[in-house]
Every structure is written in C-alpha cells, then in structure tokens.
Amino acid sequence: MKKLKLFCLGLAAVASLSAGVKPLMAQQQDPPLVVRQLKPDVYWTEGGNGGNTGIILGKTGVIVIDAKGSPDSAKEVLAQIAKLTPKPVTHVILTHSDGDHVNGLAAFPASVIVIAHENNKKEQEAALAAGGRGAPPADHLPTVLVTKEKETQMLDGVKVELFHWGPAHTSGDLVVYLPEQKVVFGGDVIATNRPDPRVHQEKNDSSEGIIATMHGIGALDADTFVPGHGGIQTKAFVQERAKKLEEKRKTIVAMVKQGKSLEEIKAADGDNASAAPAGGPPAPAAPTFTETVYAELTKK
C-alpha cells in the first residue's frame with residue numbers, strides 16, 4: 001500500500017511538472033510566418049525563426065534579403081515565395097552575419113548568389129572555424145562581396161543600393177536601399193526587439209558606428225523602413241531614435257569622464273536590456289548599449 005501511494009505521488013509530480021513545461025514550450029515556439037506587401041513586387045516577412053526577411057520580385061527571378069535562422073523557417077519563406085511567383089530565387093543579400101539571419105541559407109538552392117559585405121564573410125568564416133550550433137552553412141558563404149561605402153547594383157532589373165558606413169551592429173553591416181520603391185531594409189541596426197540596438201563587441205562593432213549608420217539610414221529618401229526585428233518604421237521614428245541614442249552616448253561619455261562607475265551610469269540612464277518597445281518577445285540577454293559604450297571607453 002505504501003509503495004502504491006509513493007507511485008501515485010510520483011505520477012502526480014510528473015503531471016504537475018508536465019503542466020508547467022507545456023506553457024513554457026508554447027512560449028518558445030516561433031510565431032507564425034506572415035508575408036506582407038510593401039510596394040508592387042516588394043514584400044517582407046515577419047515571424048518564423050530568426051529575423052525579418054525581404055522579398056523582391058525581379059524580371060526573371062527573386063531577390064531575398066536575409067535568410068531566417070533555420071532551414072525549416074527558410075523553407076517556409078521559399079514556400080510563400082512560390083505562392084507569389086513561379087520565378088526562382090536567384091539572389092540573397094545579407095544585412096549582417098548573425099545566425100538568425102544567415103543559418104536558413106542551408107535551405108536555399110546551391111546556385112543562389114549570396115551578396116554580403118566582405119567583413120560579413122570573415123565573421124562567418126570565423127564562426128565556421130569555431131564550430132558549434134551557431135556555425136553558418138559552409139556551402140552558402142557569400143559569393144559577391146561589397147567592399148565600398150556605397151555600391152549600386154542592378155539585380156535582375158531592380159536597382160539596389162548597398163551602404164556600409166563602417167562597423168555598427170557588426171563589422172560587416174549592409175543597409176539595402178531600393179531608391180525607386182523608397183524602401184530600406186536596415187537589418188539589426190534599426191531592430192526594435194530591445195530598447196537600444198545591440199552592438200556586438202565580439203564582432204568588432206562600434207557604438208559610434210551604429211549611430212552614424214542610423215543617421216545614414218534616416219537620411220535616405222525612403223518612406224518605408226524594415227528592421228531586422230520588429231515592425232515597419234517611419235523616417236521620423238528612425239531619425240528620432242538615432243538622435244536619442246546619440247544623446248545617450250554623449251551622456252555616458254560625460255559620466256565616464258567624471259569617474260562614474262558602470263552601475264551608477266546604468267542607474268542614471270535607466271538601462272534595461274529586457275524591455276521590448278515595438279512588439280515581439282524581449283531580446284536574449286546580451287550586453288546593453290550602456291555596457292558596450294562603457295567597455296569601449298574604459299578599454300585599456
């Protein structure tokens with residue numbers, strides 16, 4: 001009888017644990033992938049695994065901007081593209097090297113042309129050498145490299161301007177601008193899944209560079225701005241956010257010169273990495289903008 005009672009208690013404990021696990025697993029599930037039209041022949045997707053993606057229908061093929069964070073999610077994007085057009089995907093432009101924008105490339109055709117900044121490729125090669133779950137697909141590394149601050153390319157009849165104003169979110173960010181459609185794909189430089197954009201210290205980032213890039217994005221003649229995470233932004237929103245971030249950095253610089261500690265500075269500016277100002281789940285734990293600037297300024 002005693003053994004039976006212990007067995008029943010054990011079952012109850014497992015059931016209780018399972019009941020607690022299900023909601024947690026539900027929270028971790030990727031949101032549904034949704035395709036939304038921006039302009040004639042220009043779309044973007046939100047949801048799925050990884051960052052937002054762009055879809056541009058060219059004369060004979062399709063240009064995709066960023067490739068999702070997993071092959072399964074990329075397959076969803078490709079399936080949605082097949083509903084829009086029978087044209088094949090011919091190009092993928094990467095805004096940066098983070099796995100949630102790159103690792104879905106494994107699901108793309110082997111023939112796809114991958115366009116990225118030269119530092120993006122270096123970062124992917126370093127990730128491959130390090131190995132592990134975050135390593136990008138080795139057979140889909142960038143094949144066309146951007147090396148200048150601005151390069152204009154005609155891709156399947158579509159005019160595309162690519163900008164790299166220097167290290168920002170990573171050392172190899174690209175801003176994709178469609179001047180005829182007045183659409184910008186800004187990647188994680190203008191992502192809104194955290195209060196301030198993340199600056200990857202391990203990828204030779206720059207807090208000054210991300211501000212300069214945000215100002216550059218805000219100066220483009222566009223009316224639609226697609227971030228790497230979060231909803232569509234306006235020019236006014238991008239410009240105001242760049243201005244506030246610049247002011248925040250100046251305040252941090254001044255407080256460091258005064259000898260203030262990191263804790264004092266964070267308390268003064270209300271630094272909080274977990275908040276999400278524009279929808280979507282909070283970003284994973286990572287150094288905040290304040291912590292990054294402080295590290296830059298106090299580095300010996």
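Modeller: Take helix 8 (residues 289-298), where Phe289, Thr290, Thr292 and Val293 are buried. Buried here means under 20% relative accessible area, with exposed over 50% and partly exposed in between (1.4 Å probe, protein chains only). Helices (H or I, at least four residues) and strands (E, at least two) are DSSP runs, numbered from the N terminus. This is a predicted model, in which local features need pLDDT of at least 70 and side-chain atom pairs count only at pLDDT 80 or more, while totals for chains, interfaces and linings use all residues. Residues are numbered from 1 along each chain as its sequence is written, and side-chain values use heavy atoms, with hydrogens and water left out.

Seen down its axis, helix 8 has its buried residues within an arc of 165 degrees, so they line one face of the helix; the arc is that of the directions from the helix axis to the C-beta atoms. Those buried residues pack against helix 5 (207-219), helix 6 (235-257) and helix 7 (262-269). Contact means heavy atoms within 4.5 Å.

Phe289 leads on to the largest nonpolar core. This core has 24 residues, and Val184, Val189, Ile210, Ile217, Phe225 and Phe289 touch the most other members. A nonpolar core is a set of buried Ala, Val, Leu, Ile, Met, Phe, Trp, Tyr and Cys residues joined through side-chain atoms within 4.5 Å. The elements giving two or more residues to the core are strand 10, helix 5, helix 6 and helix 8. Helix 6 supplies the largest share, six residues. Val189, one of the members named above, touches Ala168, His169, Asp173, Pro197, Ile210, Thr213, Met214 and Ile217, not counting residues up to four places away in sequence. A second, separate core of 21 residues includes Val77, Leu78, Val114 and Ala116. In soluble globular proteins, nonpolar side chains tend to be buried together.

Strand 10 (residues 175-178) pairs with strand 9 in the antiparallel sense over three bridges; two strands pair if DSSP finds at least two bridges between them. In that pairing, Glu161 stands opposite Tyr177. Strand 9 (residues 158-163) is mostly covered, with five of its six residues buried. Strands 8 and 9 form a hairpin with two residues between them, and Asp156 in the turn has a positive phi of about 55 degrees.

Seven strands form it in the order 1-2-3-4-5-6-7, with mixed pairing. Strand 1 (34-39) and strand 7 (144-146) stand at the edges, each with a single partner strand, so one side of each is left without a neighbour in the sheet. From one strand to the next the twist averages 20 degrees. Helix 2 (residues 71-84) packs on the sheet, touching strand 1, strand 2, strand 3 (53-57), strand 4 (62-65) and strand 5 (89-93), and its direction makes about 25 degrees with that of strand 3. Axes are lines fitted to C-alpha atoms, for helices over the stretch in contact, and angles run from 0 to 180 degrees between N-to-C directions. Helix 4 (residues 118-130) lies across strand 6 (113-117) and strand 7, at about 100 degrees to strand 6.

Strand 6 is largely enclosed by the rest of the structure, because four of its five residues are buried. With strand 5, strand 6 pairs in the parallel sense over three bridges, and His91 stands opposite Ile113. Three bridges also join strand 6 to strand 7, again parallel, where Ile115 is partnered by Val144.

Leaving aside neighbours within four places in sequence, Leu38 is in contact with Tyr43, Trp44, Val183, Phe185, Thr224, Val226 and Ile232. The C-alpha atoms of Leu38 and Val226 are separated by 9.6 Å, although these residues are 188 apart along the chain.

For the whole protein, there are eight helices and twelve strands, and 48% of the 300 residues count as buried. Among contacts between residues at least 6 apart in sequence, 63% join residues at least 24 apart.
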